[in-house]
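Grab a pencil and let's work through a couple of exercises together.

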Amino acid sequence: MAAEQDPEGRAAARPLLTDLYQATMALGYWRAGRAQDQAEFELFFRQCPFGGAFALAAGLRDCVRFLRAFRLRDADVQFLASALPPDTDPAFFEHLRALDCSGVTVRALPEGSLAFPGVPLLQVSGPLLVVQLLETPLLCLVSYASLIATNAARLRLIAGPDKRLLEMGLRRAQGPDGGLTASTYSYLGGFDASSNVLAGQLRGVPVAGTLAHSFVTSFSGSEVPPDPMLAPAAGQGSQVDLAASVEMWLERVCGHLGLGVQEPHRGERAAFVAYALAFPRGFQGLLDTYSVRRSGLPNFLAVALALQELGYQAVGVRLDSGDLLQQAREIRGVFQTAAAQFGVPWLQSVPIAVSNNIDEEELARLAQKGSEVNVIGIGTSVVTCPRQPSLGCVYKLVSVGGQPRMKLTEDPEKQTLPGSKAAFRLLGSDDVLQLAEEPHPQAGQELRVWPRGARESRTVRPAHVEPLLRLWVQQGQLCEPLPSLAESRAFAQQSLHRLSPAHRRLEQPALYQVALSEKLQALVDRLSARGAL
């Protein structure tokens, strides 16, 4: 199976990103002569995260990359030989050297799909030894990606459609791989952009960022720009000494605000001028390094008005401390009066961005009606998923050699559903799981189903039936092009829009029902009874 020419794919996950017991089981299968037995596993979760009623499926693209590049190198095999018993048959290691995923087939929910407990995110079939080895890497690639996408979707639902959300959690993420995954799948879940440059380069995530407080505090005000001259935005006319123009505007701004011209911090103003000279079309002021009211705001207005004379328009301001909601209201009021005072209408609608450990509760406050906040940067709360750090996905064997397999255990919640299955979404009703050989349910026709956990069946008549699992990889070959990240993001938002408000509700949502067909329920009952004997 040829690997994609994709540096990111080779770096994202390697075959030995796994648990040792996958290798010990592989040896056991091989020694028992079962390496080539055809088997099927399902990857799913048991409970929706964050106390909600839905999750978003994510990570499929990474899984396909991993499968297409899967090959144990000599160094990998040598390490496994050192970890396994020294008397292991050398022929086993030769078998490992020849392994690839050319016999593997994958059905999965498209990325951005709504996902519910027990419904497979992935179905993986192929030679038993190989598909067993895939367990840990696939769980690693899907679980965190889906958790992040779901967390981001929750934050988007809280913020509403109009606030711009920026992911800026790379420095808080659990390592470089976690940072890249979080930036990628927070975008899929509904964020607008990321501060993570690598996510932009490798994944096509829009990137955004301006300046930090260190840039501001690095200036004392005594610095002389090597070239303070700035040409008009239209490209015609004489250049202007921007620093000098800002000083002239500062007097007028301070007079309007009732401040002395010595109150705004000189170093902060020098930093703003330096940034404006570098980015005259993208000037944004970070207002809270010293004092928002007495320094950041007047310095920003002086620079913005000096740029305005040359035909440039400032793109925004940012706050990173204090009562963000109240400060935004006060700043908007100043912008409105300054716009009228200086005859600059666009000034009243300058975007106000905020950041500073924003969680779901603070986000709801910032998104309330009447808020003047336009852009919200979130870091820790999106990349670390503090309300639930793991989705708890599992990867369970459901058939070998065409025969169903079921795990019973002492805990009913950990019982698995046997057999190769198909999944359907019944509009106006449930998701339903059935055995793959059963006829597909039809719109308008009655269907008897068993809701999971219920003691009695019920009859439904779906208005529309949607197959959920699509064939992406067959015998190692990609069956159709994978959607782009932007396409999966759009699909996720469409999926969430279709979800009923009762299920979309973040607190005490209505439970979304997943049901079994009569034939699948009968198989479960039969195998359960047999296992209890």
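Start with this: the side chains of glutamate 268 and serine 295 are joined by a polar contact of 2.5 Å. A polar contact is a pair of N or O atoms within 3.5 Å; within protein, one must be able to donate a hydrogen and the other to accept it, and residues adjacent in sequence count only if both atoms are side-chain atoms. The model is predicted, so local features need pLDDT of at least 70 and side-chain atom pairs pLDDT 80 or more, while totals for chains, interfaces and linings use all residues. Residues are numbered from 1 along each chain as its sequence is written, and side-chain values use heavy atoms, leaving out hydrogens and water.

**Exercise 1.** Work out how many disulfides the whole structure has.

*Step 1.* Recall that a disulfide is a covalent bond between the sulfur atoms of two cysteines. Here the cut-off is a pair of cysteine sulfur atoms within 2.5 Å.

*Step 2.* For cysteine 101, the closest cysteine sulfur is in cysteine 63, 11 Å away, so that's too far for a bond.

*Step 3.* For cysteine 479, the closest is in cysteine 101, and 14 Å is too far as well.

*Step 4.* The search of the whole structure finds zero disulfides.
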